[in-house]
Amino acid sequence: MDVPAHIGASIKLKGDITSSEPLTIAGRVEGSVTVNGHTLTIAAGSHIAATVSAEAIVVAGHVKGKLNATTRIVLRETASVEGEAAAPSVSMLEGATAHGPIKTSKKRALALAS
């Protein structure tokens, strides 16, 4: 079982993050986040201004940018997304907000648009 890497709530990063293991972000990130073959979790209270790509993305914090997942995106009750979300499956729990297009497709893999 993979234990996710964790970027804590007090951490602020500017730049590109690439991971080949599950990743949880609880802090602030500006740039791009790529998680190859695993789940990215954006924790409640986090602030992400980035282009994000992962197998699955679970959002409980605030994201401004593009979300692209090869399997699914889940917006938890505390999620706030400003920008495009694209995945074969997108679910949104009551209380979550999304401002921007949501694109779904039966295709398993989606190309990340620039």
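Student: What counts as a nonpolar core here?
Tutor: A set of buried Ala, Val, Leu, Ile, Met, Phe, Trp, Tyr and Cys residues joined through side-chain atoms within 4.5 Å. Buried means under 20% relative accessible area, with a 1.4 Å probe and protein chains only.

Student: Which residues touch the most other members of the largest one?
Tutor: Val33, Leu40, Ile57, Val59 and Leu67, out of 25 residues. Strands S3 (23-25), S4 (28-42), S5 (47-59), S6 (62-75) and S8 (85-87) each give two or more residues to this core. S5 gives the most, with six residues.

Student: What is Leu40 in contact with, leaving aside neighbours within four places?
Tutor: Its partners include Leu23, Ile25, Val33, Val52 and Ile57. Contact means heavy atoms within 4.5 Å.

Student: Where does the model come from?
Tutor: It is predicted: local features need pLDDT of at least 70, side-chain atom pairs count only at pLDDT 80 or more, and totals for chains, interfaces and linings use all residues. Residues are numbered from 1 along each chain as its sequence is written, and side-chain values use heavy atoms, with hydrogens and water left out.

Student: How many helices and strands?
Tutor: Zero helices and eleven strands. These are DSSP runs: H or I of at least four residues for helices, E of at least two for strands, numbered from the N terminus.

Student: How much of the protein is buried?
Tutor: 39% of the 114 residues.

Student: Now charges. How many positive and negative side chains?
Tutor: 11 positive and 9 negative. Lys and Arg count as positive, Asp and Glu as negative; His and the chain ends are not counted. The centres of the two sets lie 5 Å apart, placing each charge at NZ of Lys, CZ of Arg, CG of Asp or CD of Glu.

Methods: Buried means under 20% relative accessible area, exposed over 50%, partly exposed in between (1.4 Å probe, protein chains only).
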